[in-house]
Amino acid sequence: QRASCELIYTFVLGGGNPNGPTQIVKPGIPVLATKPIPNGVGYDLDNEDVAILNIKENMNEGKSPTFLYFATTIMQQYDGMIDYAMKLDADSLLHLHDYLYFAHRHLPPAPYNTGVYAGALRDKAYWPKHTPEDAVLFESYFGNHYEGVHLYTAGQCYLLSRDLAEFVAEEAPFSKPYQEGHEGNHYEGVHLYT
């Protein structure tokens, strides 16, 4: 039976530690910055629905894996009550009724939600072509197993089951050599190994 609360949200920002690391995916360093934020641009940063990651602000150097690590710590804290981690860009609009309709029809609850990865699909085949050496690095798995398939879910909206979110956060430090474009675009390769 589903709980009465079906969607937990927070506004996630980087930049809580301008001198800190660009990525936190392991215990030992607090993943959230301490509030109140000194020299913040406004009191909104200290609101309860804002989570400020304890990292340098960045777009492609570890913010997404840090968010997924943060999400999995919350999922572990509320064990069995949160089935998915979802990332939405600030300029994206979630149509709540459509999302809940989709979730009820297509997103199985735990323990049946392993290996689930969903979002706005994009085709990487139209990206600029690589040199033959680069193509082997970036596309070898797809080239050898799924000819012509270069799909990924765009960063404006994607969701992962808990097992995939944990795996991506765990593997993030090792996947940088395979990153192509924005960091969210290389998750599809990481997921295929789960």
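This note goes through the predicted model point by point, from the overall fold to single residues and pairs.

1. **Basis of the note.** The structure is a predicted model, in which local features need pLDDT of at least 70 and side-chain atom pairs count only at pLDDT 80 or more, while totals for chains, interfaces and linings use all residues. Residues are numbered from 1 along each chain as its sequence is written, and side-chain values use heavy atoms, with hydrogens and water left out.

2. **Overall layout.** The chain has five helices and five strands, where helices (H or I, at least four residues) and strands (E, at least two) are DSSP runs numbered from the N terminus. Read from the N terminus on, these elements follow the order β-β-α-β-α-β-α-β-α-α. In the chain, contact means heavy atoms within 4.5 Å, and among contacts between residues at least 6 apart in sequence, 78% join residues at least 24 apart.

3. **Surface and burial.** The accessible surface of the chain comes to about 12,100 Å², and 57% of it belongs to carbon and sulfur atoms; such areas come from the Shrake-Rupley method with a 1.4 Å probe, and for residues only the protein chains shown count as cover. Of the 194 residues, 35% count as buried, a word that stands for under 20% relative accessible area, whereas exposed stands for over 50% and partly exposed for the range in between (1.4 Å probe, protein chains only).

4. **The nonpolar cores.** A nonpolar core is a set of buried Ala, Val, Leu, Ile, Met, Phe, Trp, Tyr and Cys residues joined through side-chain atoms within 4.5 Å. The largest one has 20 residues, and those with the most contacts inside it are Val31, Leu68, Tyr69, Phe70, Ala85 and Leu160. Two or more residues come from each of helix H1 (63-77), strand S5 (151-161) and helix H4 (162-175), and H1 gives the most, with six residues. Tyr69, leaving aside its neighbours within four places in sequence, is in contact with Ile24, Val25, Lys26, Pro27, Val31 and Ala169. A second, separate core of seven residues includes Tyr84, Val116, Ala118 and Leu159. In soluble globular proteins, nonpolar side chains tend to be buried together.

5. Which residues does Thr66 touch, not counting residues up to four places away in sequence? Thr66 touches Thr22, Gln23, Ile24, Val25, Val31, Leu53 and Ile55; this residue of helix H1 is buried, with a relative accessible area of 0%. Ala172, in helix H4, is also buried, at 6% relative accessible area. Ala172 and Pro65 are 107 residues apart in sequence, yet their C-alpha atoms are 6.3 Å apart in space.

6. Gly119 belongs to strand S4 and is partly exposed, with a relative accessible area of 40%. Beyond residues up to four places away in sequence, Gly119 touches Thr153, Cys157 and Tyr158.

7. **The aromatic pair.** The structure holds one aromatic pair, where rings of Phe, Tyr and Trp (its six-membered ring) pair if their centres lie within 6.5 Å, and planes under 30 degrees apart count as stacked, over 60 as edge-to-face and the rest as tilted. The rings of Tyr9 and Phe11 have their centres 5.7 Å apart and their planes at 75°, so the pair is edge-to-face. Tyr9 counts as exposed at 52% relative accessibility, while Phe11 is partly exposed at 48%.

8. **Salt bridges.** A salt bridge is a side-chain nitrogen of Lys or Arg within 4 Å of a carboxyl oxygen of Asp or Glu, and by this rule the count comes to four. One of them joins Glu57 and Lys63, with the closest N and O atoms 2.7 Å apart. In another, Asp79 pairs with Arg162 at 2.8 Å between the closest N and O atoms; this pair links distant parts of the chain, with Asp79 in the loop between H1 and strand S3 (84-88) and Arg162 in helix H4, 83 residues apart. Arg162 also meets Glu166 in a salt bridge (3.0 Å, N to O), and salt bridges that share partners join Asp79, Arg162 and Glu166 into one network.
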